[in-house]
Amino acid sequence: HDDSDDARFVIRNIQSSANPDGAPIEVFSVTNGNTRIRNSLYVSSSDDTQYGSIKMATNDTINPGYIEFNKAGGTRIGYIGYQSPNNPGYLMLETENGYNGWEITGKLMVNNVAQ
């Protein structure tokens, strides 16, 4: 596009089960340097069986998106984000599937107090 004030690149999905009428759905766009990917973004190697991956996921009107961490083979082992089911208004910092917690090598500020 030759107009730098209105630069835009778009990839659209024409057919999908979620959109049976065939109207284009924007799945990836770049507008004036801002990149948007509809739904989730997966970052992985070409061989998911030997290397871990991450996923940036969207969610719903109650729960915000989250970033998940997966070990080789695709098993999720933890995530950051998602609303706590026990404490609405708080985000989760969660481990699962055999992982026990998060190691923090520097100080962590909690309510303006270094822990």
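Let me begin with the criterion: rings of Phe, Tyr and Trp, the last taken by its six-membered ring, pair if their centres lie within 6.5 Å, and planes under 30 degrees apart count as stacked, over 60 as edge-to-face and the rest as tilted. This is a predicted model, in which local features need pLDDT of at least 70 and side-chain atom pairs count only at pLDDT 80 or more, while totals for chains, interfaces and linings use all residues. Residues are numbered from 1 along each chain as its sequence is written, and side-chain values use heavy atoms, with hydrogens and water left out.

Searching the whole structure gives three aromatic pairs. In one of them, Tyr66 and Tyr82 have ring centres 6.0 Å apart and planes at 85°, so this pair is edge-to-face. Tyr66 sits in strand 6 (residues 66-70) and Tyr82 in strand 7 (residues 76-83), 16 residues apart, where strands are DSSP runs of E with at least two residues, numbered from the N terminus. Tyr66, Tyr79 and Tyr82 form one aromatic cluster.

As for accessibility, buried means under 20% relative accessible area, exposed over 50% and partly exposed in between, with a 1.4 Å probe and protein chains only. Tyr66, at 14%, is therefore buried, whereas Tyr82, at 31%, is partly exposed.

Turning to another pair, Phe69 and Trp102 have ring centres 5.6 Å apart and planes at 75°, so they too are edge-to-face. Phe69 lies in strand 6 and Trp102 in the loop between strand 8 (91-95) and strand 9 (109-110), so the pair ties together parts that are 33 residues apart in sequence.

Terms used. Helix = DSSP H or I, 4+ residues; strand = E, 2+ residues; numbered from the N terminus.
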